[in-house]
Amino acid sequence: MDSGERQLFEASLRQAVERGGLFDAVLNDVGWRDAVAEDPTVAASVFALQGELNLTSAALDDVVAVGLGVVPSAALAVALPAPGAAVPPAAGDGRTVAVSGLGTSRMLIAAEVFVVVQRDRMKALRVTADELDRRRISGLDSPGSWVEVSGSVEAVDVSDVDWDGGIAAARRAIAQELSAASRAMLRLARDHALVREQFGKPIGAFQAVRHRLADCLLAVESADATIAVAWADPSPFAATMAKAVAGRSAATVARNAQQVLAGIGFTAEHPFHRYLKRTMVLDQLFGTSASLTEAIGSDVLRSGKVPAVLPL
Amino acid sequence: MELAEFRAGLDRWLDDNEAALRPDPDKSATLDGQMAHTNTVKRLAFDAGWMRYGWPARVGGLGGSPLLRGYLGEALAARRLIEPGPYSLTEVLAPTMIDYAPAQLAAEMVPQLLRGEETWCQGFSEPGTGSNLGALTCRATRTENGWRINGQKVWTSYAQYADRCVLLSRTGTVESAHNGITALFVDMDSPGITVRPLQTMHDVAEFCEVFFDDVAVPADRLLGAEGQGWAVAMDILPFERSTALWHRGAYLHRRLQDLLDAAPDGSLSPRDVGAVLEQMYAFRARSRQTQYRLDAGERLGPETSIDKLMLGIAEQSLYDLVPAALGPAVVSAGDREGRAWRAEYLYSRAATIYGGSSEIQRNIVARRLLDLGPDR
Ligand SMILES: Cc1cc2nc3c(=O)[nH]c(=O)nc-3n(C[C@H](O)[C@H](O)[C@H](O)COP(=O)(O)OP(=O)(O)OC[C@H]3O[C@@H](n4cnc5c(N)ncnc54)[C@H](O)[C@@H]3O)c2cc1C
């Protein structure tokens with residue numbers, strides 16, 4: 001897509017969301033799967049909107065499928081790594097493999113599940129959805145967003161798969177959603193600081209509040225710069241960096257925005273907590289920021305080499 | 001010239017001329033040696049053409065994108081051929097001269113700075129005026145053929161080496177605040193100027209007190225118009241936070257590698273190294289966007305405060321690793337490497353002070369980027 005087409009795509013997406021309806025249905029209508037199969041960077045637009053408006057969808061299945069080298073389909077769910085993990089959701093060299101992973105809401109309705117198996121080389125198989133146990137998770141995020149998937153399946157017809165490509169695609173998209181959600185939290189806090197008055201003036205006049213908000217913007221801009229690199233450079237390293245930085249930024253923004261919003265931001269009625277919870281869940285997917293940072297550092301120490309700098 | 005061609009040609013030239021460009025380790029252990037060598041490198045690079053790209057022809061340049069300057073400084077800093085501090089003054093002060101000096105003056109002076117024939121300094125801060133630059137009091141009064149200056153500057157980096165100074169002076173009343181400031185281009189050998197180097201905590205006479213006692217400055221040394229000094233200063237700062245920061249970021253990457261090479265096994269924690277690398281990487285990603293905005297002819301403004309904050313954080317967390325990894329060397333080693341790490345660790349503490357402190361940058365972000373309104 002060129003930038004004009006991209007703008008059109010974004011505008012029609014936003015309009016459709018504003019008309020209402022499930023985000024998955026909207027994505028269907030705008031031809032999202034064909035678009036991302038053709039140009040994976042389209043995911044930037046979708047995940048930015050998803051983060052900004054705190055939407056949920058099964059778009060991650062499609063992104064990961066494309067990254068793995070598979071044609072995405074509404075009938076195909078992808079088994080994702082379990083929360084906190086960044087390894088394939090299945091392992092084992094024998095004829096049967098144990099699956100234990102995570103799915104989006106699509107896991108409940110899809111006919112087929114795509115499972116990556118960790119062997120000395122990464123392998124993939126397609127399983128009929130009925131063969132797996134699928135259970136809605138009731139955790140932090142909005143109900144129905146995530147599904148636990150497990151079971152034992154026959155490893156027939158395994159094929160090679162680009163696991164690194166799948167991980168990188170997921171990390172880019174999740175990083176984008178994290179930063180958009182962070183920007184939304186900053187906006188909530190910033191707007192609140194302008195209207196909430198204490199001691200006869202808006203709280204946004206107090207330097208302690210201003211500097212917290214400045215730190216939020218600093219965090220969001222750091223994430224966005226890193227994410228922009230990841231969309232331009234498809235390497236796994238760039239995607240890992242983006243996810244790590246975006247995860248850490250989201251935690252910084254959440255902490256500061258929460259403090260500025262204070263009491264009102266602690267209520268269930270205020271939208272803040274939905275963003276906070278969503279970013280906490282997203283940080284758990286495909287490697288937490290803490291584990292990615294540690295892995296990046298370990299790689300550097302093991303090789304003794306600072307990775308090549310981003311060229312001008 | 002395009003960036004790719006410039007990069008390839010410059011890299012080749014740097015390889016071929018390594019011997020002439022490489023600082024002598026003994027001489028470059030002192031600030032005198034570093035200053036002299038930085039100017040030598042600028043001269044060689046100017047004569048070979050590299051230092052002239054990215055600058056307009058009317059000041060001796062060969063034109064082309066500012067990206068070329070970005071890459072030149074990056075390559076010199078990453079190879080440790082120059083000291084990024086003194087080198088970056090060119091990036092900070094030359095654009096100001098080009099934008100605000102009378103054409104004749106810029107054409108005469110800028111090439112001497114680019115070619116390393118001269119060193120310039122930036123006389124902004126005063127004993128009573130650090131963050132609150134708008135309250136400066138160093139006075140310039142009109143005379144028949146120019147200005148007479150009385151007052152004092154402080155923390156003026158490299159003033160003891162400087163041939164010229166871009167000086168902010170008070171021409172209006174003190175109450176006129178930002179509107180009563182005028183920028184002048186002052187010869188440092190003018191009668192009445194006394195420079196007193198200050199020993200810093202990192203044991204380098206990096207900055208000075210500069211006293212002005214009835215110093216005469218000719219009328220044609222006015223930068224911009226009388227009373228426009230604040231605008232001149234505000235236009236300098238984004239340069240300080242774009243190309244110059246890019247160069248410093250490249251230097252820090254090099255130093256992280258040097259630290260890995262020097263650190264004993266097991267002395268660095270993966271988590272700390274990962275965090276530092278992330279900060280440096282994010283800074284570079286951000287600063288790269290800024291370089292391209294400069295390339296596109298955009299006017300840089302308050303958004304460069306983000307770049308400055310990011311670099312301050314990255315620089316300090318990088319050097320925070322140094323005592324952890326090289327503790328004994330940093331506290332007690334008398335050898336060259338130990339002294340260098342010690343000095344750089346200490347110098348990194350200033351990264352959130354000079355060029356507008358991190359608090360001032362946050363004030364700018366809050367006021368200008370988040371539009372939070374007045375802070376009182
Ligand atoms: C190594 C080094 C090199 C330098 N080189 C030069 C140079 O070449 N030319 C030059 O002109 N100057 C130079 N400086 C000076 C530098 O610009 C000043 O130190 C800086 O602007 C801060 O001023 P100050 O030191 O007077 O601190 P102050 O302004 O007194 O500030 C003290 C503390 O109060 C905080 N503070 C002040 N105002 C506010 C506010 N409104 N809100 C919140 N916090 C606030 C500051 O952030 C700081 O933490 C250099 C400084 C250093 C350390």
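# Briefing: features of chains A and B

Asp11(B) lies in helix α1 of chain B, which covers residues 3-16. The structure is a predicted model.

**Asp11(B) and its surroundings**

- Asp11(B) has a relative accessible area of 21% and is therefore partly exposed, since buried means under 20%.
- Apart from neighbours within four places in sequence, Asp11(B) is in contact with Tyr71(B) and Arg79(B).
- Asn39(B) is 28 residues away from Asp11(B) along the chain, and the C-alpha atoms of these two residues are separated by 19 Å.

**Two residues with a positive phi**

- Tyr158(B) is not a glycine, yet its phi is positive, at about 60 degrees.
- The place of Tyr158(B) in chain B is the loop between β3 (146-157) and β4 (164-170).
- Tyr158(B) counts as buried because its relative accessibility is 4%, and the cut-off for buried is under 20%.
- Phe199(A) also is not a glycine and has a positive phi, of about 55 degrees.
- Phe199(A) sits in a loop of chain A, between β9 (197-198) and β10 (201-202).
- Phe199(A) counts as exposed because its relative accessibility is 77%, and exposed means over 50%.

**Chain A as a whole**

- Chain A contains 10 helices and 10 strands.
- The C-alpha trace of chain A spans about 70 × 50 × 40 Å along its principal axes.
- A compact globule of 312 residues would have a radius of gyration near 20 Å, and the value for chain A, 20 Å, agrees with this.
- Of the 312 residues in chain A, 53% count as buried.
- Among the contacts in chain A with a separation of 6 or more, 70% are between residues 24 or more positions apart.

**Helices α7 and α8 of chain A**

- Helix α7 (residues 207-232) and helix α8 (residues 236-265) of chain A have axes that come within 8 Å and cross at roughly 165 degrees.
- Angles over 145 degrees count as roughly antiparallel, so α7(A) and α8(A) are roughly antiparallel to each other.
- The crossing in which α7(A) passes α8(A) is left-handed.
- The residues of the contact between α7(A) and α8(A) comprise 18 nonpolar, six polar and two charged ones.

Note on methods. Residues are numbered from 1 along each chain as its sequence is written. Chains are lettered from A and ligands numbered from 1 in the order in which they are written. This is a predicted model: local features need pLDDT of at least 70, side-chain atom pairs count only at pLDDT 80 or more; totals for chains, interfaces and linings use all residues. Side-chain values use heavy atoms; hydrogens and water are left out. Axes are lines fitted to C-alpha atoms, for helices over the stretch in contact, and angles run from 0 to 180 degrees between N-to-C directions. Helices (H or I, at least four residues) and strands (E, at least two) are DSSP runs, numbered from the N terminus. Angles under 35 degrees count as roughly parallel, over 145 as roughly antiparallel, 65 to 115 as roughly perpendicular and the rest as oblique. A crossing is left-handed if the near helix is turned anticlockwise from the far one by less than a right angle, and right-handed if clockwise. Ala, Val, Leu, Ile, Met, Phe, Trp, Tyr, Cys and Pro count as nonpolar, Asp, Glu, Lys and Arg as charged, and the others, Gly among them, as polar. The radius of gyration is taken over C-alpha atoms; the globule rule is 2.2 Å times the number of residues to the power 0.38. Buried means under 20% relative accessible area, exposed over 50%, partly exposed in between (1.4 Å probe, protein chains only). Contact means heavy atoms within 4.5 Å.
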